[in-house]
Structure formats: C-alpha cells, structure tokens
Amino acid sequence: MAKNIDYRIKVGVIGDAQLQKFQRSVEQINRNSVKTAKSVKRMGDSMSSLGRVAKIASGAMAIFYSAKGLTSIIAQADSIRNLEASFNTLLGSGERASAMMDEVFKIAKRTGAPINDVAEATQRLAVGMGEMGASNAQINTVAETFIKLGRVGGASMADVNGALVQFSQGLSSGRLQGDEFRSISERLPLVMRALSKELNVTVGELKQLGTDGKITADVMANAMINAAKDVDDQFAKLPLTFEQASNNFKTMLVQFSRSSVVVSALDLLARALGSITRNVDAFVRDISTMIAGMSEFQKKSVTMVAA
C-alpha cells in the first residue's frame, strides 16, 4: 500500500512540473506573439508612410525618369552646379561665377565642343590665370582660342584637353618649359606658332627660350589673347560638323537644366527621394525586428515540443 502511495505522489509531482513548464512555454509564446504583432503593425505603418511618400514623389519621378537619357541630364545639372560653386571659390564672388558660367555655355556653342570639356578648360585656366589677376573676359578668350586652335589644326578634343592641362600647369608655375613644352608641341603645334609670333621669333627658336625660362605666364596668356582674332577668322571658314551640332544640342539641354524651374524641380525630387530613403530604412528595421521575433517564437515552440 505504501508503494502505491509513493508512486502516485511521484507521478503527481512530475505531472505538476510538466504542466508548469508547459504553461510557462505558452506564456512565452503569447509574449512573443504580442511582440510579433507589434512589429507587424509598425511594418504596416511604415509601409503606409512609404506609400504616401512614394505617391507624392511619383509625379516628379515620372517626369524626370520617363524620357530616355534624362538621368544623364540630371547628372549634368548637378555637375554644372558644382562647377559654378567651384568658380565662386576660384573667382571670389557669386556674381563673377555666374557670369563665367554664362560665358562657358556661349563658348561651347560657338566652338561646338562638349560642354564638359569647355567647363573643365575654363576651370583649369581660372586657376592659373586667376593668380595673375586676369579678368573673366581674358580667361574666356584664352579658353576659346585654345579650343578653336585645336579644331583649326585638326586635333582631337582629347589632344586639346591634354595640351590645355600642360598649358595650365605652365601658367601656374610661371613659365612654359620641359615636359609641358614638349607635350604642347606634339599635341597642338599651332599654339607654338602663336607663342613664336608673340615673342617675334621662329618656332625653332622657342625651345631654347623655353629652356631659358623666357616663355613666362604673361607671354603665354598674351599670345592666346592676341591670336584670338586671326583664330576666329580661320575657325569661321570651317564647316559645321554633325558632332558639333550634336554637342550644341546637348549643351542646350544642360543649359536648360540651369533654369530656376528645373533647379527647383531637382531640389524637390532630391527631398522626395531623401524622404523615401528614410522611410525605407525604417521599413527595413521593422522587418528585421519582426523576423527576430518570429525566430524567437519558433525557437520556443521547438523547445516546448522537444521537452
């Protein structure tokens, strides 16, 4: 009889322990379920917010991303705005920077050169000639003459850009000699002709003058400015190529991107995309929380069944 009593007591204790363990597991599951429900609700709120923001931005995005190649124009617009900010720093005033940008577009249209190349050329010259106290008009004249000399001489835009880099370095250092001299001689020999005319020597004598440090920054700048009229006359005799016409069309589109209407639209689009990004970040965080909660839920359930 005593053995039967002991057996029933043991079974009762084990049964109570299992029941308590089961109850604790159920309670834990309930708590996890509540957490999961809250995460799902936050996710739903984030999705609703994301939907509202997306709806607001959809109009602007449809305008700017519907036409093929328009994303490139937007990138160009950002590049031009950065360039104008750079001119502001180089030239010391917003008024001069704005005026310089206007001239950059005019040079691009007159030469038929890519707007980016003209902008970079002018920027490089602004660095070298700015230290000499040159005006906007003088910087622009040198840039335009240099580009036109390349076209008259049959050089590619890559050669013009390469020669201009060396020319700008010569301006910054105060004289043209050494590697800069050799590079320009090979890429743009007409520049050497303008320099020889400015110094009243032959092209063959220029090398020694360069070695002697006689081709100073003033000589370089004045040679381009004084050659401008003759170069303009020679350039005017050249036919307009399809490449130039195409470049001018692209320049027109980029110039349009500077208009106040487009700038305002780009600012609105940027703010809308920023808002969408912030909401997506919140959405991802809520999804992560929900997944973490679900994983805990599954873990407790498996533990309960195994026990």
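Which residues of H8 are buried?

**Figure 1. Overall architecture of the predicted chain.** The chain holds 12 helices and zero strands. Read from the N terminus, its elements follow the order α-α-α-α-α-α-α-α-α-α-α-α. Of the 307 residues in the chain, 35% are buried. Among contacts with a separation of 6 or more, 72% join residues 24 or more positions apart.

**Figure 2. Buried residues of helix H8 and the elements that cover them.** Helix H8 spans residues 189-199. Leu190, Val191, Met192, Ala194, Leu195 and Ser196 are the buried residues of H8. Their cover includes H5, H6, H7 and H9, together with helix H10 (217-236). An α-helix has 3.6 residues a turn, so residues three or four places apart point the same way.

Figure 3. Asn200 lies in the loop between helix H8 (189-199) and helix H9 (203-211). Just after H8, this residue adopts a positive phi of about 60°. Most residues other than glycine have a negative phi. The positive value at Asn200 occurs in a residue other than glycine. Asn200 counts as exposed because its relative accessibility is 71%, and the cut-off for exposed is over 50%.

**Figure 4. Packing of helix H3 against helix H5.** Helix H3 (residues 94-111) and helix H5 (residues 136-152) pack at an angle of about 20°, and their axes are 10 Å apart. H3 is therefore roughly parallel to H5, as angles under 35 degrees are classed in this way. The two helices form a right-handed crossing. On the H3 side, the contact is made by Arg96, Ala99, Met100, Glu103, Ile107, Arg110 and Thr111. On the H5 side, Asn136, Ile139, Asn140, Glu144, Ile147 and Lys148 take part. Sorted by class, the contact of H3 with H5 comprises five nonpolar, three polar and five charged residues.

**Figure 5. Surroundings of Lys148 in helix H5.** Lys148 is located in helix H5 and belongs to the contact between H3 and H5. Lys148 is classed as buried because its relative accessible area is 6%, and buried means under 20%. The side chain of Lys148 makes a polar contact of 2.8 Å with the side chain of Glu144. Glu144 is likewise listed among the H5 residues in the contact with H3. When residues up to four places away in sequence are not counted, Lys148 touches Thr111, Val231, Asp232 and Phe235. Of these, Thr111 is one of the H3 residues in the contact with H5.

**Figure 6. Packing of helix H6 against helix H7.** The axes of helix H6 (residues 157-173) and helix H7 (residues 178-187) come within 9 Å and cross at roughly 155°. H6 is therefore roughly antiparallel to H7, since angles over 145 degrees fall in that class. The crossing of H6 with H7 is left-handed. H6 contributes Ala158, Asp159, Gly162, Ala163, Gln166, Phe167, Gln169 and Gly170 to the contact. Their partners in H7 are Asp179, Glu180, Ser183, Ile184 and Arg187. By class, the residues in the contact of H6 with H7 are four nonpolar, five polar and four charged. Both H6 and H7 are also included in the cover of the buried residues of H8.

Technical notes: Residues numbered from 1 in each chain as written. Predicted model: local features only at pLDDT ≥ 70, side-chain atom pairs only at ≥ 80, totals over all residues. Heavy atoms only, no water. Axes fitted to C-alpha atoms, helices over the stretch in contact; angles between N-to-C directions. Helix = DSSP H or I, 4+ residues; strand = E, 2+ residues; numbered from the N terminus. Parallel < 35°, antiparallel > 145°, perpendicular 65-115°, else oblique. Left-handed = near helix turned anticlockwise from the far one by under 90°. Contact = heavy atoms within 4.5 Å. Nonpolar A, V, L, I, M, F, W, Y, C, P; charged D, E, K, R; others polar. Buried < 20%, exposed > 50% of the residue type's maximum accessible area, 1.4 Å probe, protein only. Polar contact = N/O pair within 3.5 Å; in protein donor to acceptor, adjacent residues only side chain to side chain.
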